[in-house]
Amino acid sequence: ERVGLGALLEAELGVRLAKEHSAADWSRRPIPEAWLAYAALDVELLLELRDVLCRELRHAGKTEWARQEFDALVHAPPPAPRHEPWRRTSGLHRVRGARRLALVRALWDERNRQAGERDLTPTRVLPDAAIVEAALAGPVSAEHLGELPGFRGRSRKPRGRRELERWAVVLAEAARLPDSALPAAAAAYDGPPPARAWADRNPNAAARLAHARAALAEIAAAHQVPVENVLTPDTLRRVLWEPPPSTLSAVEQALRDLGARPWQVELTASAVLASLEP
C-alpha cells in the first residue's frame, strides 16, 4: 500500500506533521516565510526516518532489493518528452471528434504558454474543466465564453473582456485548421491494447494474463510487497501479449529487456513462464 510522507512519519516515528498550509496556493509568489518553514518540517526528520527504514529492510531481507531500485533511479535516463501532453486534460473523455480535440489542444497550449510567462500553475490560469466546456461549446464569442463554467473568476463574475476575447481567438483559430492539422481521434500507443480488450482480441493472451496475475498476487502477498512493485503491470502485459519462447532463460531476458530489476526477475520469471505453458 502506498502512503504519503506524513503517514509514514506518523507510523514509523510517531510524529504528526502540522497541516495548516497543506491546502495553500503554492503558486503564490513570493512564498511566505511561514509556508517555507512549514515545508521544511517535512524534511527535518528524513534522516531519522531513513535509519528506521534501513533497519526494517535489513530485518525483512530486502536491502538488496532497495539498493537495486535506488540504483535504477539514479541511472535512469531523463524521461522522454510526453507526446501530446494535452491529452492528459481531466475530462477529455467527454470530448469527441478531431475538431473538438483540436480546440482542447489549442486552449491547453495557450494556457501553458501564459502560465510560463506569469509563473503560475497552469490550472490557475484556466482549469481543465473550463477547457473541456469550451471545446464542447465549440468556437464561441467572448460573451458566450464568459457564461461557461471555469471562465468566471473566484467572485463568480466573468473574466475580463480582453481575456475572454483572447480565448475566443484561440478557439476560432483552432476551428479553422485544415483536416491535415487535426489531432488523431485517439492517442497513439506502442504497447498492447488495454487488458479489458484481451478476451475479445486475443483469448489466449487473456488466459495467460489471468494466470500470471493470480501467481504474482500470491508472490506479492508472501513477500509483503505491493503487486505492482513485484512486476509493473505494463511489463507484465507486454511480455504476455507477445510472449518470448517458453524457456526460463528467454523469459528472464524478456523481463530484463523491459526494465525489470534482478530481484524482480528472480521472483517472477518462473511464474511468468508457467503462464506461457499450455
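Biologist: What share of the 278 residues in the chain is buried?
Modeller: Buried residues make up 34% of them, where buried means under 20% relative accessible area, exposed over 50% and partly exposed in between, with a 1.4 Å probe and protein chains only. Keep in mind that this is a predicted model, where local features need pLDDT of at least 70, side-chain atom pairs count only at pLDDT 80 or more, and totals for chains, interfaces and linings use all residues. Residues are numbered from 1 along each chain as its sequence is written, and side-chain values use heavy atoms, leaving out hydrogens and water.

Biologist: Thanks! How many helices and strands are there?
Modeller: The chain has 15 helices and 0 strands; helices (H or I, at least four residues) and strands (E, at least two) are DSSP runs, numbered from the N terminus. With a radius of gyration of 25 Å, well over the 19 Å that the globule rule gives for 278 residues, the chain is more spread out than a compact globule. That radius is taken over C-alpha atoms, and the rule is 2.2 Å times the number of residues to the power 0.38.

Biologist: And what does the C-alpha trace span along its principal axes?
Modeller: About 65 × 55 × 30 Å.

Biologist: Let's zoom in. Is Arg111 buried or exposed?
Modeller: Arg111 is buried, at a relative accessible area of 4%, and it sits in helix 5.

Biologist: Which residues is Arg111 in contact with, leaving aside neighbours within four places in sequence?
Modeller: Pro122, Thr123, Val125, Leu126, Pro127, Asp128, Ile131 and Trp167, with contact meaning heavy atoms within 4.5 Å.

Biologist: New topic: which residues does a cis peptide bond join?
Modeller: Arg29 and Pro30, with omega at about -5°. Pro30 lies in the loop between helix 1 (5-13) and helix 2 (33-44).

Biologist: What about Gln224, what is its phi near?
Modeller: Near 55°, which is a positive value in a residue other than glycine. Gln224 is in the loop between helix 11 (203-223) and helix 12 (227-230), and it is exposed, with a relative accessible area of 71%.

Biologist: Where is Glu84?
Modeller: Glu84 is in the loop between helix 4 (63-75) and helix 5 (98-118). Its phi is also positive, near 50°.

Biologist: Last one: how far apart are the end C-alpha atoms of helix 3?
Modeller: They are 21 Å apart, which agrees with the 21 Å that its 15 residues (46-60) should span at 1.5 Å a residue. The expected span is 1.5 Å times one less than the number of residues. Just after helix 3, Gly61 takes a positive phi of about 70°.
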